[in-house]
Amino acid sequence: MDLVILAVFGILSGMMVLVQSPVNTALGRNVGSPVLASFISFLTGMVFLLALCIFTGTDMSISSDGIGSTPWWSYTGGICGAAIVLSFIILFSRVGAVNTVVLPLTGMLAMGAAIDQFGLFGSETYSVSALGVLGFILIAAGMVTVVTVPRHEKDGGKERIPNEDDGNSPIWYLFGIGVGALMASQAAINGNLGIHLDSALHSALVSFVVGTAILFAACLWKRNLHDVVLVRENRVPWWMLTGGILGAAYIFFNAYLVPEIGTGTTVVLTITGQMIGSVIIDNFGLLGTGKKKTGALQIIGLALVFAGVVMVKMS
């Protein structure tokens, strides 16, 4: 497929996973539990993928040869996905849209580069050049600029600097980086599963079935499945149920892109889409997030990040 089309797919997948975060966060507030919100998101995503298989006439059966030749860890993408969705609900509510992109950035790119460099998770080997290293340095500099610049917010007409409860604690920085590394790993794992099953759609569906099962077990453990009645009684706005569809599309795009262009490039394109969407969401307060004006230094930081992303892509 044309590289331009693949690039568009990658950017769109980044915007989808970013929009998924505030949607699932709002759902979590509505049903009173981030775990239950993650389960509902995964369940709707699984139903969407099943409907897509039926609509496209895709055979949903998986050959015994495909299952037999697939390493066990290729089925852990769903576990990673469940952890990622839950983590983003928590992270987004703490640090906002821009930092939800920037914090996982280092983890995503570092892990993506390691996967490509060493062929982890059965991926093809892609060497990181000197230009790529320079790109990583620029990305790190941009991340530090965006994260460490205090964001002044208006609160009742008075300026205030967010405290640790707003997400300025170093633990949230580390948490975000870890989520990013998990995202890169998930992309490679699902890409490998797609190769063995010879279908990106099958890979995405298996990932969602596994993730849904894990989150269902978590809801049983927390004993909050009865709150699903809120959805049945139409007390949850329809748009809050689209997070799973966005997540399913993201997983599908990544499972398709990784074998075509590599984990590192897929991660870079995804980040680009996230950056574009995050500034729009924060500045206009879309999806009920509240307006968070992006300052001049943060814009410079994002520009450094984007320049670094371009360098990594060119390498």
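At 1% relative accessibility, Val 305 falls under the 20% cut-off and therefore counts as buried, and the residue has its place in helix α11, which spans residues 296–314. The structure is a predicted model, and within it the C-alpha atoms of Val 305 and Leu 105 are separated by 9.0 Å although the two residues stand 200 residues apart along the chain.

**Overall make-up**

- The secondary structure of the protein comes to 11 helices and two strands, and these elements follow one another along the sequence in the pattern α-α-α-α-α-β-β-α-α-α-α-α-α.
- Of the 315 residues in the protein, 49% are buried.
- The accessible surface comes to about 14200 Å², and carbon and sulfur atoms account for 68% of that area.
- When contacts between residues at least 6 apart in sequence are considered, 82% of them join residues that are at least 24 apart.

**Gly 78 in helix α4**

- Gly 78 is found in helix α4, which covers residues 77–118, and with a relative accessibility of 0% this glycine counts as buried because the value is under 20%.
- Once its neighbours within four places in sequence are left aside, Gly 78 is in contact with Phe 42, Ser 207, Val 210 and Gly 211.
- Gly 78 and Asn 190 are 112 residues apart in sequence, while their C-alpha atoms lie 8.5 Å apart in space.

**Met 183 in helix α6**

- Met 183 lies in helix α6, and its relative accessibility of 1% is the reason why Met 183 counts as buried.
- Not counting residues up to four places away in sequence, Met 183 touches Val 17, Ile 84, Phe 88, Met 108, Tyr 250 and Gln 274.

**Helix α6 against helix α9**

- The axes of α6 and helix α9, the latter formed by residues 243–261, come within 8 Å and cross at roughly 70°, an angle inside the range of 65 to 115 degrees, so α6 and α9 are roughly perpendicular to each other.
- On the α6 side the contact is made by Met 183, Gln 186, Ala 187, Ala 188, Asn 190, Gly 191 and Ile 195, and on the α9 side by Tyr 250, Ile 251, Asn 254, Ala 255, Val 258 and Pro 259.
- By class, the contact of α6 with α9 holds nine nonpolar and four polar residues, with no charged residues.

**Helix α6 against helix α7**

- Helix α6, made up of residues 170–197, and helix α7, made up of residues 200–222, have axes that come within 8 Å and cross at roughly 125°, and α6 and α7 are therefore oblique to each other.
- The crossing of α6 and α7 is right-handed.
- In this pairing, Gln 186, Asn 190, Leu 193, Gly 194 and Leu 197 of α6 meet His 202, Ser 203, Val 206 and Ser 207 of α7, and the residues of the contact divide into three nonpolar, six polar and no charged.
- Gln 186 and Asn 190 are listed in the contact of α6 with α7, and Gln 186 and Asn 190 are also listed in the contact of α6 with α9.

**Helix α2 against helix α9**

- Helix α2, which runs over residues 34–56, packs with α9 at an angle of about 60°, and the two axes are 7 Å apart; α2 and α9 are therefore oblique to each other.
- The crossing in which α2 passes α9 is right-handed.
- The contact is made by Ser 41, Thr 44, Gly 45, Phe 48 and Leu 49 of α2, together with Gly 243, Gly 244, Ile 245 and Ala 248 of α9, and these residues divide into four nonpolar, five polar and no charged.

Note on methods:
Residues are numbered from 1 along each chain as its sequence is written. This is a predicted model: local features need pLDDT of at least 70, side-chain atom pairs count only at pLDDT 80 or more; totals for chains, interfaces and linings use all residues. Side-chain values use heavy atoms; hydrogens and water are left out. Axes are lines fitted to C-alpha atoms, for helices over the stretch in contact, and angles run from 0 to 180 degrees between N-to-C directions. Helices (H or I, at least four residues) and strands (E, at least two) are DSSP runs, numbered from the N terminus. Angles under 35 degrees count as roughly parallel, over 145 as roughly antiparallel, 65 to 115 as roughly perpendicular and the rest as oblique. A crossing is left-handed if the near helix is turned anticlockwise from the far one by less than a right angle, and right-handed if clockwise. Contact means heavy atoms within 4.5 Å. Ala, Val, Leu, Ile, Met, Phe, Trp, Tyr, Cys and Pro count as nonpolar, Asp, Glu, Lys and Arg as charged, and the others, Gly among them, as polar. Buried means under 20% relative accessible area, exposed over 50%, partly exposed in between (1.4 Å probe, protein chains only). Accessible areas come from the Shrake-Rupley method with a 1.4 Å probe; for residues, only the protein chains shown count as cover.
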